[in-house]
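I opened this notebook to record a few local look-ups. The entries follow in the order in which I made them.

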Amino acid sequence: MPAGDRRRASALLLNLSTIGGSTHLGFSIYSFLKSLPVPVSAVNAGNIESMGIVMYLAASERLAVPHSRFLIHPMTWHFSQSAVDHSRLREYLSSLNNDLGAMRGSSNWRPPMPSANWTSSTACRPRNG
């Protein structure tokens, strides 16, 4: 939509190809995407690495083109200061464990499936017309 257009979007489609980045910014983007009042779909359009995986997982509908790849690695912490805020680390860990428990504990949670509007060909090629 052009700038200044007052119409509201009915959905958001993310075509992602990223090497990842900052842990803090990645979780901020995740939270923002989860808070949107419209359905969010994400397509791995080539390569999603590291923190980019978290952004991809924020979408309620996730697709990958046939040649796409994901790079998942263990999370590491780097501290620029000599003192470590242990209470902040416990808060991060508690938040991650809470999210994991919510996914595991929900009896109706299922891996997302593409909607009727999506096929593997629409994820790979633009629509005609």
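Which residue caps the N-terminal end of H1? I found that Ser22 does, with a side-chain oxygen 3.3 Å from the backbone nitrogen of His24. I count a polar contact as a pair of N or O atoms within 3.5 Å; within protein, one must be able to donate a hydrogen and the other to accept it, and residues adjacent in sequence count only if both atoms are side-chain atoms.

Basis of the entries. The model is predicted, so I note that local features need pLDDT of at least 70 and side-chain atom pairs pLDDT 80 or more, while totals for chains, interfaces and linings use all residues. Residues are numbered from 1 along each chain as its sequence is written, and side-chain values use heavy atoms, without hydrogens and water.

Helix H1. I looked up its extent: residues 23–35, 13 residues in total. From first C-alpha to last, H1 reaches 18 Å, close to the 18 Å expected at 1.5 Å a residue (1.5 Å times one less than the number of residues). Helices are DSSP runs of H or I with at least four residues, strands runs of E with at least two, numbered from the N terminus.

Asn44. I located Asn44 in strand S2, residues 40–49. Asn44 counts as buried because its relative accessibility is 0% (buried is under 20%, exposed over 50%, partly exposed in between, with a 1.4 Å probe and protein chains only). A polar atom of its side chain lies 2.9 Å from the backbone nitrogen of Gly46.

Ser17. I placed Ser17 in strand S1, residues 12–18. Ser17 counts as exposed, at 54% relative accessibility.
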